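Subject: Structure for your review

Dear colleague,

Please find below the structure that I am handing over to you. I would be grateful if you could read the notes that follow it with the coordinates open.

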Amino acid sequence: MPNQTFVDPFSSADNADERQFTNEYWGEVIADAYFCVLEKGVGKVPFDSKIHQLDKRLTAVKLEVIPLTEMNLKFTLQREVIAEFKDWTAVTLPSIKRLSISLRELNGKFVKCKLSSTGETYVAKDGTEKDRTGIEFLHVFNNQAECEADFAANGKSAKPAMPGLTDNGGETKSENNNGNKDPDKETALKFLKSIVTQAASGELDVAIVQAKVAESIARMPLINKHFTVDSVETMALIAESVGA
């Protein structure tokens, strides 16, 4: 008679080993930067030299890391920070400098990264105090294949920790899908919205935005198996982003 395994949660608790999680992620970077000012009650608004004082100008940085599909994660790592503040200078900027790469060059690259504490805390929506984290870049790969190979060799044995879903934490997780929706397609649509938003940032020429989006879609199997630049969903997002 074959051996049978009886699932007993009490026995499991008596013999439990601590599960090892990793805080490392492999994926593609979407990066953008623009000048802004901070307005009371509004937050970041684009800097306009006609109405804003030069000494009030700051630099906004938007970062998103889209995990490899092999990681089987339903969220992306996102941060939108002020470059002159500690959220940027404590963790992310030093890691970029260690890799001898600029923020502009980092855009579109495949990387290995992790979330590291900035040394500051914030109060979450539930009232608890949490560590504020930033994206620390560990390695930049020459292409997607190298990134996938490194994940296969070093990343599959550990389960990534799930980032907290908070306004200040910066992570975005796709919602659970119910009914007859295709979870993969819903996730791809969320990523598609991100790349359209990035492509349309500061750009009013639809053709240029389309070209940027097409280039990004071509590099992302998660998206291009569901959408093209000519898809109804893509065109609607572009039109909405540029006000066409």
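The notes below go from the overall fold to individual residues.

Please bear in mind throughout that this is a predicted model. The protein chain has 244 residues, of which 39% are buried. Its secondary structure comprises eight helices and nine strands. Among the contacts with a separation of 6 or more, 67% are between residues 24 or more positions apart.

As a general background, nonpolar side chains tend to be buried together in soluble globular proteins. Here the largest nonpolar core has 28 residues, and Leu63 and Phe137 are those with the most contacts inside it. At least two residues of this core come from each of β2 (24–39), β4, β5, α2 (86–98), α3 (103–106), β6 (110–123), β7 (129–141) and α4 (144–154). A second, separate core has 20 residues, including Ile30, Ile66, Ala188 and Phe227.

The surroundings of Leu63 deserve a look on your screen. Beyond its neighbours within four places in sequence, Leu63 is in contact with Val29, Ile30, Ala31, Leu77, Gln78, Arg79, Trp88, Thr92, Leu103, Ile135 and Phe137.

Helix α4

Three residues of α4, namely Cys147, Asp150 and Phe151, are buried. Viewed down the axis of α4, its buried residues fall within an arc of 100°, and therefore they line one face of the helix. At the start of α4, a side-chain oxygen of Asn143 comes to within 3.2 Å of the backbone nitrogen of Ala145.

Aromatic rings

There are two aromatic pairs in the structure. In one of them, the ring centres of Tyr25 and Phe75 are 6.2 Å apart and the planes are at 75°, so the pair is edge-to-face. Because Tyr25 lies in strand β2 and Phe75 in strand β5, this pair ties together parts that are 50 residues apart in sequence. Tyr25 and Phe75 are both buried.

Arg57 lies over the face of Phe35, at 3.9 Å from the ring centre. The charged end of Arg57 also sits over the ring of Phe47, 5.8 Å from its centre.

Leu73 is found in the loop between β4 (58–67) and β5 (75–82). Its relative accessibility is 17%, so Leu73 counts as buried. Thr187, by contrast, has its place in helix α5 (residues 183–200), and Thr187 counts as buried because its relative accessibility is 3%. From C-alpha to C-alpha, Leu73 and Thr187 are 9.7 Å apart in space, although 114 residues apart in sequence. Thr187 and Leu222 are 35 residues apart in sequence, with 8.4 Å from C-alpha to C-alpha.

Backbone points to check

Most residues other than glycine have a negative phi. Asn72 has a phi near 55°, a positive value in a residue other than glycine. Asn72 is in the loop between β4 and β5 and, at 61% relative accessibility, counts as exposed. Ser100 likewise has a positive phi, near 55°. Ser100 is in the loop between α2 and α3, and it is exposed, with a relative accessible area of 67%.

Yours sincerely

Conventions:
Residues numbered from 1 in each chain as written. Predicted model: local features only at pLDDT ≥ 70, side-chain atom pairs only at ≥ 80, totals over all residues. Heavy atoms only, no water. Helix = DSSP H or I, 4+ residues; strand = E, 2+ residues; numbered from the N terminus. Buried < 20%, exposed > 50% of the residue type's maximum accessible area, 1.4 Å probe, protein only. Core = buried A, V, L, I, M, F, W, Y, C linked by side-chain atoms within 4.5 Å. Contact = heavy atoms within 4.5 Å. Arc of directions from axis to C-beta. Polar contact = N/O pair within 3.5 Å; in protein donor to acceptor, adjacent residues only side chain to side chain. Phe/Tyr/Trp six-rings, centres within 6.5 Å; stacked < 30°, edge-to-face > 60°. Lys NZ or Arg CZ within 6 Å of the ring centre and 35° of its normal.
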